[in-house]
Amino acid sequence: MTPDQQRRVRDLFEAALDQPDADVRSWIERAAADDAVVRDEVLSLVRHHSSARPVSGAGNR
Amino acid sequence: MTDDLHAPAADLTPLVYNELRRLASAYMRRERPGQTLQATALVHEAFIRLAASGAPWTDKRHFVGIAARSMRQILVERARARGAQKRWAGLNRVSMSDSLAVAADPESMLPALDEALTRLEKIDAEQARIVELRFFAGFSIEETADALGMSPATLKRRWALARAWLHRELTEPTRADADADSPWPVSQYFVWRCCARP
């Protein structure tokens, strides 16, 4: 990925955090419709963001 | 010129590193097995001690950046010295639902996290700084945002991005050459340590 694509991934990921969960996938597909590499990277990171969310009761000993 | 009065950042690194290492060693001699190193307290103590002895920096921001990087180095070296596996096979035995048990052996994954962080650094150095401050120095969102001169709202988003990136790196075997059969415990530990913080 080029630095420009990396920056775009970052910006799209951060903007995706504001989208409702149900719409986030289609939002990313629209926002990065012109660049499949960027689109797939953002989709992948958003998926991992969801699985890295706090598990209730796990933290704050 | 002020340049003569203030040592460049590179010259301060050994000073900060050595002070933190000394404090950490003293702390570790007293610690009980399984106890977590209080990184944030050590960083604050080092700052007060070095400031009292006339350390040549002008602002705390400068200090905490160096301190967070030093804590990363100290904690990873300590994990390696204690024989933490490069791969975290040792965590295989821990149930994925038992997050406290996983957290009792957090060192096992530090070398792998350190290597992933070095890869992240090449893509986006700022994200690596964020992880050092949040994860290794234990700074809050507000303290980290202040240290990097960004708003807490921006910091939160960038921290989320760094976490997602590292989570993928540490859990997807094709990316991090991890053991294919042990993605869950690390993920669980990472969730506990990085993501469950306010």
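**Chain B of a predicted model**

In this predicted model, the accessible surface of chain B comes to about 9300 Å², and carbon and sulfur atoms hold 53% of that area. Chain B has 198 residues, 49% of them buried. Its secondary structure consists of 11 helices and zero strands. The model as a whole scores ipTM 0.86 and pTM 0.75.

**Overall build**

- Read along the sequence, the elements of chain B run α-α-α-α-α-α-α-α-α-α-α.
- Of the contacts in chain B with a separation of 6 or more, 70% are between residues 24 or more positions apart.

**Confidence**

- The mean pLDDT of chain B is 72, and 65% of the residues score at least 70.
- Residues 1-7 of chain B have a pLDDT below 50, and this stretch has three contacts in the model beyond near neighbours in sequence.
- Residues 175-198 of chain B also stay under 50. For this stretch the model has 70 contacts beyond four places in sequence.
- Confidence in chain B is lowest in helix α5 (residues 99-103), with a mean of 37.
- The highest value in chain B belongs to helix α8 (residues 141-148), at 93.
- Where pLDDT is low, the predicted coordinates should not be read in detail.

**Helix α8 of chain B**

- The buried residues in α8(B) include B:Ile141, B:Thr144, B:Ala145 and B:Ala147.
- Viewed down the axis of α8(B), its buried residues fall within an arc of 160°, so they line one face of the helix.
- These buried residues pack against three helices of chain B, namely α4 (60-81), α7 (125-136) and α9 (152-171).
- After α8(B) comes B:Gly149, which has a positive phi, near 65°.

**Aromatic pairs**

- Over all chains, the count of aromatic pairs comes to two.
- One of them joins B:Phe135 and B:Phe136, whose ring centres lie 5.0 Å apart; the ring planes stand at 85°, so the pair is edge-to-face.
- Both B:Phe135 and B:Phe136 are buried.
- Helix α7 of chain B, one of the helices that the buried residues of α8(B) pack against, spans residues 125-136.

Terms used
Residues numbered from 1 in each chain as written. Chains lettered and ligands numbered in written order. Predicted model: local features only at pLDDT ≥ 70, side-chain atom pairs only at ≥ 80, totals over all residues. Heavy atoms only, no water. Helix = DSSP H or I, 4+ residues; strand = E, 2+ residues; numbered from the N terminus. Buried < 20%, exposed > 50% of the residue type's maximum accessible area, 1.4 Å probe, protein only. Contact = heavy atoms within 4.5 Å. Areas by Shrake-Rupley, 256 points an atom, 1.4 Å probe, with all protein chains shown as cover. pLDDT = per-residue confidence, 0-100. Arc of directions from axis to C-beta. Phe/Tyr/Trp six-rings, centres within 6.5 Å; stacked < 30°, edge-to-face > 60°.
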